[in-house]
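The sequence and the three-dimensional view come first, and the description follows.

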Amino acid sequence: MSKEYKNIEILSEIEHKINTFNTIRNTRIKMSQRLKSYSDRWKLVFFVLNIEAVIFILLSLGGKEISPLFTNTIFSVISGLFSIYVILIQYYINELNYNERALKVHYHQLDIEDLILRLKNLLVKNNSQENKLDEKNLIGEFNTIMFEYQTILKNNENHDPIDFVRSKKSKEEEKAVKDFTIDNIILNVNQWLIFFIPILSTILFFWG
């Protein structure tokens, strides 16, 4: 059923926007938590990857006493490629600025919360005998709030669909929502890589 826009009243529109803003604010909260989670998980991955890269380099430079394998060409190439990969992936992830983006989104949801409170205050004033606003002033303040909302919305990145889905779930249900974003896929690949590299090294050691 299409909405009869010609019958819109200011009070019903204020209530509608309060509900809309609450939905957007909850979505931004989930987005901030997701980005912060990426940042924290990458810190651990980088810590392990860098340790493994250093071990590879040390073995290729002075591992002859341990095994001749560590001085052959294949191991040196693998060591060099892995070290280059670690450098490049760190540069790529640093450019994504997960932590800074999470903080910015957090402040964005606080701005939206402020607008929600101001919209609620308009309803409070409308129900007050002493501070009641006439329709003209009510519409004027509402338009001011909506202009500020559009401004802060333009200055912030959009959320991912998963953030909206999670905002509609309870904490228990939220755990069942799988994150198939490119960011999370790349992160999971590297989490598996930090376990795969020692296994590969062990295989090469005994094979050699």
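## Terms and basis

A residue is called buried under 20% relative accessible area, exposed over 50%, and partly exposed in between, with a 1.4 Å probe and protein chains only. Helices (H or I, at least four residues) and strands (E, at least two) are DSSP runs, numbered from the N terminus.

The model is predicted: local features need pLDDT of at least 70, side-chain atom pairs count only at pLDDT 80 or more, and totals for chains, interfaces and linings use all residues. Residues are numbered from 1 along each chain as its sequence is written, and side-chain values use heavy atoms, with hydrogens and water left out.

## Overall architecture

The chain contains 7 helices and 0 strands, which gives the pattern α-α-α-α-α-α-α along the sequence. Of its 208 residues, 35% are buried.

## Helix 2

Helix 2 covers residues 73-96, a run of 24 residues. From its first C-alpha to its last it reaches 35 Å, close to the 34 Å expected at 1.5 Å a residue; the expected span is 1.5 Å times one less than the number of residues. The buried residues in helix 2 are Phe75, Ser79, Phe82, Ser83, Val86, Ile89 and Ile93. Just after this helix, Asn97 adopts a positive phi of about 50°.

## The largest pocket

A pocket is found on a 1 Å grid over the protein atoms alone: it is an open set of points where a 1.4 Å probe fits, with protein on both sides within 12 Å along at least five of seven lines, and lining residues have an atom within 4 Å of a point. Its volume is the space filled by probe spheres set on the points, which are joined across faces, edges and corners.

The largest pocket has a volume of about 160 Å³. Its lining consists of Ser39, Trp42, Lys43, Phe46, Ile93, Asn94, Asn97, Tyr98, Asn99 and Glu100. Helix 1, helix 2 and helix 3 (98-127) each give two or more residues to this lining, and helix 1 gives the most, with 4 residues.

## A nonpolar surface patch

Patches are made of residues with over 30% relative accessible area and no salt bridge; like charges are joined within 9 Å, and nonpolar side chains (Val, Leu, Ile, Met, Phe, Trp, Tyr) within 5 Å. Leu44, Phe47, Ile51 and Ile55 form a nonpolar patch on the surface, with about 410 Å² of accessible area together. Such areas come from the Shrake-Rupley method with a 1.4 Å probe, and for residues only the protein chains shown count as cover. Phe47 belongs to helix 1 (residues 10-62) and counts as exposed, at 55% relative accessibility.

## Salt bridges

The structure holds 8 salt bridges, each a side-chain nitrogen of Lys or Arg within 4 Å of a carboxyl oxygen of Asp or Glu. One of them joins Glu113 to Arg25, with the closest N and O atoms 3.3 Å apart. Glu113 lies in helix 3 and Arg25 in helix 1, so this pair ties together parts that are 88 residues apart in sequence. Glu113 is partly exposed, with a relative accessible area of 24%.

Lys36 and Asp40 meet at 2.9 Å, N to O; both lie in helix 1, 4 residues apart, about one turn of the helix. In helix 3, Arg118 and Asp114 have that 4-residue spacing, also about one turn, and their salt bridge spans 4.0 Å, N to O. Salt bridges with shared partners join Asp114, Arg118 and Glu148 into one network.
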